[in-house]
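Subject: Handover of the structure, with notes

Dear colleague,

I am passing on the structure that you will find just below, and after it I have set out what I found when I went through it. Please keep it open beside the text while you read.

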Amino acid sequence: MTLLSARFFCEHCKKETHFLPIQYAVALAGVSRSTMYYWMDRRWVHWRELPSRRRIICKESLSHQPVPEPIPPQTFRPKLSDSVQPRKLTRN
């Protein structure tokens, strides 16, 4: 399968690389279009915007595995109603 691409200098890779239209980058990466935009928003893939306002994806950056953002630890704070209250034992 031959992919349509153009060579541009990638500011992130610091070298000339192939750039692909989004539909080809999606097919090559095996992800949905929305996933590709998600990666673009997080700068997990490199892209540039053409004068026509169409965006193209750096093929080199597709070979890098995206690193998910760390999930901040959350402190568990039980509700007062969930806590166990000590009681006195009584005889009936």
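**Overall layout**

Please bear in mind throughout that this is a predicted model. The protein has three helices and four strands, and, read from the N terminus on, these elements come in the order β-β-α-α-β-β-α. Of the 92 residues of the protein, 23% count as buried. When contacts between residues at least 6 apart in sequence are taken together, 40% of them join residues that are at least 24 apart.

**The strands**

Strand E1, which spans residues 6–10, runs antiparallel to E2 and is joined to it by five bridges. Within this pairing, Arg7 has His18 of E2 as its bridge partner, while Cys10 stands opposite Lys15 of E2. The hairpin that E1 and E2 form has four residues between the strands, and in this hairpin Lys14 takes a positive phi near 60°.

Strand E2 also pairs with E4, again in an antiparallel manner, and here three bridges join the two strands. In E4, the residue that stands opposite Pro21 is Ile56.

In H1 the buried residues are Ile22, Ala25 and Val26. Because these residues cover an arc of only 100° around the axis, they lie on the same side of H1. As background, an α-helix has 3.6 residues a turn, so residues three or four places apart point the same way. The partners against which the buried residues of H1 pack are E2, H2, E4 and H3. Just after H1 comes Gly30, which takes a positive phi of about 70°.

Helix H2, residues 33–41, has Met36, Trp39 and Met40 as buried residues. Seen down the axis of H2, its buried residues fall within an arc of 100°, so they line one face of this helix. The face of H2 that is turned away from the buried side carries Ser34 and Asp41, which are exposed. On the buried side, the residues of H2 pack against helix H1 (22–29), strand E3 (47–49), strand E4 (55–58) and helix H3 (59–62). H2 is followed by Arg43, whose phi is positive and near 60°.

How do H1 and H2 pack, and at what angle? Their axes are 9 Å apart and the angle is about 100°, which makes H1 roughly perpendicular to H2. The residues of H1 that take part in this meeting are Ile22, Gln23, Ala25, Val26 and Ala29, and those of H2 are Arg33, Met36, Tyr37, Trp39 and Met40.

**The nonpolar cores**

The largest nonpolar core has eleven residues in all, namely Leu20, Ile22, Ala25, Val26, Met36, Trp39, Met40, Trp44, Val45, Ile57 and Leu62. H1 and H2 are the elements that give two or more residues to this core. Another core, of five residues, lies apart from it, and among its members are Cys10, Phe19, Ile56 and Cys58.

If its neighbours within four places in sequence are left aside, Thr17 is in contact with Ala6, Arg7, Phe8, Cys10, Cys58 and Glu60.

His46, for its part, has its place in the loop between H2 and E3. With a relative accessible area of 13%, His46 is likewise buried. Not counting residues up to four places away in sequence, His46 touches Cys10, His12, Cys13, Ile56, Ile57, Cys58 and Ser61.

With best wishes

Conventions: Residues are numbered from 1 along each chain as its sequence is written. This is a predicted model: local features need pLDDT of at least 70, side-chain atom pairs count only at pLDDT 80 or more; totals for chains, interfaces and linings use all residues. Side-chain values use heavy atoms; hydrogens and water are left out. Buried means under 20% relative accessible area, exposed over 50%, partly exposed in between (1.4 Å probe, protein chains only). The arc is that of the directions from the helix axis to the C-beta atoms. Contact means heavy atoms within 4.5 Å. Two strands pair if DSSP finds at least two bridges between them. A nonpolar core is a set of buried Ala, Val, Leu, Ile, Met, Phe, Trp, Tyr and Cys residues joined through side-chain atoms within 4.5 Å. Axes are lines fitted to C-alpha atoms, for helices over the stretch in contact, and angles run from 0 to 180 degrees between N-to-C directions. Angles under 35 degrees count as roughly parallel, over 145 as roughly antiparallel, 65 to 115 as roughly perpendicular and the rest as oblique.
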